[in-house]
Amino acid sequence: MQARKKYVLLALGACCWLLLLYWGGVQSRLLKLLTHQHGEEPVRPWPDWMDRALLPGYAELEELEVADGPGEPPHQRRQAWSGIYKDSRCRMDTCFDFSRCRGSRDGASFRVYVYPPEKGERVSESYRKILASITESRYYTSDPREACLFVLGIDTLDRDQLSAQFVPNVDERIRSYPLWNDGRNHLVFNLYSGTWPNYTEDLGFNIGQAILAKASLNSEHFRPAFDVSIPLFSREHPQKGGERGWLLRNSVPPRRKYLLMFKGKRYLTGIGSDTRNALHHIHNGKDIVSLTTCRHGKDWEKHKDARCDHDNSEYERFDYQELLHNSTFCLVPRGRRLGSFRFLESLQAACIPVLLSNGWELPFSEVIQWNQAVIEGDERLLLQVPSTVRAVGIERVMALRQRTQMLWEAYFSSIDKIVLTTLEIIKDRVYSHISRNKFMWNALPGGLLVLPEYSTHLAHYPFYYLHLGVNPGQEFTAVIHATSPLVSQSQPIMKLLQVVSKSKYCSQIIILWNSEKPPPHRSKWPPMPVPLTVTDGRKKTSSRFLPHVAIETEAILSLDEDTVLLTSEVNFAFHVWRSFPERIVGYPPRSHFWDPVKQAWGYTSKWTNEYSIVLTGAAFYHRYYHHLFSHYLPPSLRALVDHTSNCEDILMNFLVSSVTHLPPIKVAQRKQYKEMPGPEPNTLNKWFFKSKGTKTAPWANPEHFTQRQECVSTFASWFGYMPLVHSQLRLDPVLFKDHVSVLRKKYKDLERA
């Protein structure tokens, strides 16, 4: 009985609430109708804020009801997006034609075609750099029939209709292209979309099934594993090279003068204004500096508020570059769009980015683990940011800071790297069976310098040995570059074969025959305890760095035919290389320098206390660099080497130093040299261990040295910076030159004069 009464009372109570809500709603609507008819002020909705005038950042109810306002409902945003991108569900397996890329299974058929610009076409400087990066890359083809991917010649970077860079009628023009095919296998680059006041994702044309490489991408509209999010970069961003990161060394503790900083524009109205209008709340003028200014745009004085004058004066007190250099964390709030120039600036400065941009799909998020480099905040929880960054420990700060430098130098320091990273991500999707894993993308030297066609196993790359805790192999392959015909058994190459073959670490010897005359019969070569292979070098100087299939060891000993060495010298250099398998280790050093008079890089063979090059006429290095030399460098550089029959050793040093950011290693040698007159005054003979019985060497020609000077400048121009690093290190055997018994020395032959 008691239970029945309880249920009856609950039912009556529910009915009363329903009636109350119904009649309350009807009365509200009637009251609103009557007040509008009589022209009276409508009743303000609850709550009735007493300090409403002090809260200009919040929208009124009437503003929220306007469909085209900044606060438009989510379903309307989705409808607008679906109208712009009709293929919003595109994936690689539904909107990409893999058959255009299936010429080979190793990625060799991944070619990119760029539409030729039309006569009188307006192209911005940034888009010109993007197109140049593609056309100068190893993937470019001028034949559309060979192409796997197509890039428009029309500038699509700035789709803001109010911008001077806006290109009209793109939709009509691209539909007239015979190869457009609704955008299939096309790549569209974009930095700015939409216009005032909402800055929507509208590009002004239908991209169809094209892959969109876009800055400020919203994760709500991002098509995973299809689109590519790229960073927003300025028109001054360099095409090649770019500046190095600013972190020269990690001080302990790693805290800088300022804990957190921001200095930038404050938007008084429109999208993005809410976040930046609130930044002053965390500014304390001591360890947290958060500065904004209203002084930008044409009509800023018309919209200025009571805080503008104070903000503007405070803004001028601090220098932006000084704040960047001396802050541990950098606030990166959204601007009008989700992306900001502050993002790349903070990465370069090793100022850990603290992101306040809800919904931003971070650049290259498909491959980069951003939680190792940035702190992602929430625009709605700005006041929690100071306590959050204060709670980050010292070890975490150091790790985040180092990661910013790795990512900056690997993927963001130049437009070249941004474009190539975009292409490599797409290539990994097309050839998923030989793609890079996440570790390769997020560890030094970065994904661009790891070619998965070589191997997909980490242990096959020299720069991962230390991380994996593995040691390189205990044998090497000697590759001897021969250019002279074999006419006598007393030629230097014969003695060199005997010396190298006696090393207990030598697995095999390969003679790369580049002479005008055919190679001699096998019976002409001396008997040796290791296999000997003679292969055709195709009379190309660059062929000495081809990835020959006969090379099975990780270590390669590169030798010229007239090199004079002892077996103990070979063994010692190999022992050193096994401790530094990612570098070039050898004997003959050279150096580069900057010539302030000519405003160009120079090359010298003078014996000084430092060097930056170890010539490959007698040097060890990892065989992966053969693959990188042949498949990473552009054909134009290899053609220069073959045309001049010169500079291949310098180019290999450039390549290895660009990978490691470290100098080569010089090992101790016998001082068997003397001063010789040559093309460079007061210099020594080219190599201290060259034999006197050889024919006139090409380096004796004065033009040879001039060519090498020019090569250094040419190579530096292609890399966009000077990758060579000077060093004063020389590694000697234990007890080398010490006044102790010779019997106590393992490499006593190295001390012979």
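**View 1. Ser645 sits in the loop between helix 20 (635–644) and helix 21.** This is a predicted model, and we start at a spot on its backbone. Phi of Ser645 is near 50°, which is a positive value in a residue other than glycine. Is Ser645 buried, exposed or partly exposed? With a relative accessible area of 45%, Ser645 is partly exposed.

**View 2. Asp649 belongs to helix 21, which covers residues 648–660.** Here the side chain is tucked away: Asp649 has a relative accessible area of 5% and is buried. Which side chain does Asp649 meet in a polar contact? Look for Arg708, joined to Asp649 by a polar contact of 3.0 Å between the two side chains. If you skip the neighbours within four places in sequence, Asp649 is in contact with Phe545, Leu615, Thr616 and Arg708.

**View 3. Asp182 is another residue, other than glycine, with a positive phi.** Its phi is near 60°. You will find Asp182 in the loop between helix 6 (170–175) and strand 3. At 33% relative accessibility, Asp182 counts as partly exposed.

**View 4. Phe110 and Tyr139 make an edge-to-face ring pair.** The structure holds 36 aromatic pairs, and this view picks out one of them. The ring centres of Phe110 and Tyr139 are 5.3 Å apart and the planes stand at 90°, so the pair counts as edge-to-face. What does this pair tie together? Phe110 comes from the loop between helix 4 (92–95) and strand 1 (112–114), while Tyr139 comes from the loop between helix 5 (125–135) and strand 2 (149–151), so the pair links parts that are 29 residues apart in sequence. Both partners are hidden: Phe110 is buried at 0% relative accessibility, and Tyr139 is buried at 3%.

**View 5. Helix 5 is largely enclosed by the rest of the structure.** Why say that of helix 5? Eight of its eleven residues are buried, so the rest of the structure largely encloses it. Those buried residues are Ser126, Tyr127, Lys129, Ile130, Leu131, Ala132, Ser133 and Ile134. What do they pack against? Their partners are strand 1, strand 2, strand 3 (186–190) and helix 14.

**View 6. The largest nonpolar core has 77 residues.** Within this core, Phe189, Phe364, Trp370, Tyr411 and Phe412 touch the most other members. Helix 14 (residues 415–430) gives the largest share, eight residues. Another core, of 46 residues, lies apart from this one, and its members include Ala443, Tyr461, Ile510 and Ile551.

**View 7. Tyr411 sits among ring partners and other contacts.** Ring pairs link Phe343, Trp360, Phe364, Trp370, Tyr411, Phe412 and Trp441 into a cluster. Setting aside neighbours within four places in sequence, what is Tyr411 in contact with? Its contacts include Phe364, Ile368, Met406, Lys417, Ile418 and Thr421. Also among them are Met440, Trp441, Asn442, Gly446, Gly447 and Leu448.

**View 8. The peptide bond from Leu444 to Pro445 is cis.** Its omega is near 5°. Pro445 lies in the loop between helix 15 (438–442) and helix 16 (465–468).

**View 9. Lys263 places its charged end over the ring of Tyr315.** How far is that charged end from the ring centre? The distance is 4.5 Å.

**View 10. Stepping back, the protein chain holds 22 helices and 21 strands.** Of its 753 residues, 52% count as buried. Take the contacts between residues at least 6 apart in sequence: 74% of them join residues at least 24 apart.

Note on methods
Residues numbered from 1 in each chain as written. Predicted model: local features only at pLDDT ≥ 70, side-chain atom pairs only at ≥ 80, totals over all residues. Heavy atoms only, no water. Core = buried A, V, L, I, M, F, W, Y, C linked by side-chain atoms within 4.5 Å. Buried < 20%, exposed > 50% of the residue type's maximum accessible area, 1.4 Å probe, protein only. Helix = DSSP H or I, 4+ residues; strand = E, 2+ residues; numbered from the N terminus. Contact = heavy atoms within 4.5 Å. Phe/Tyr/Trp six-rings, centres within 6.5 Å; stacked < 30°, edge-to-face > 60°. Lys NZ or Arg CZ within 6 Å of the ring centre and 35° of its normal. Polar contact = N/O pair within 3.5 Å; in protein donor to acceptor, adjacent residues only side chain to side chain.
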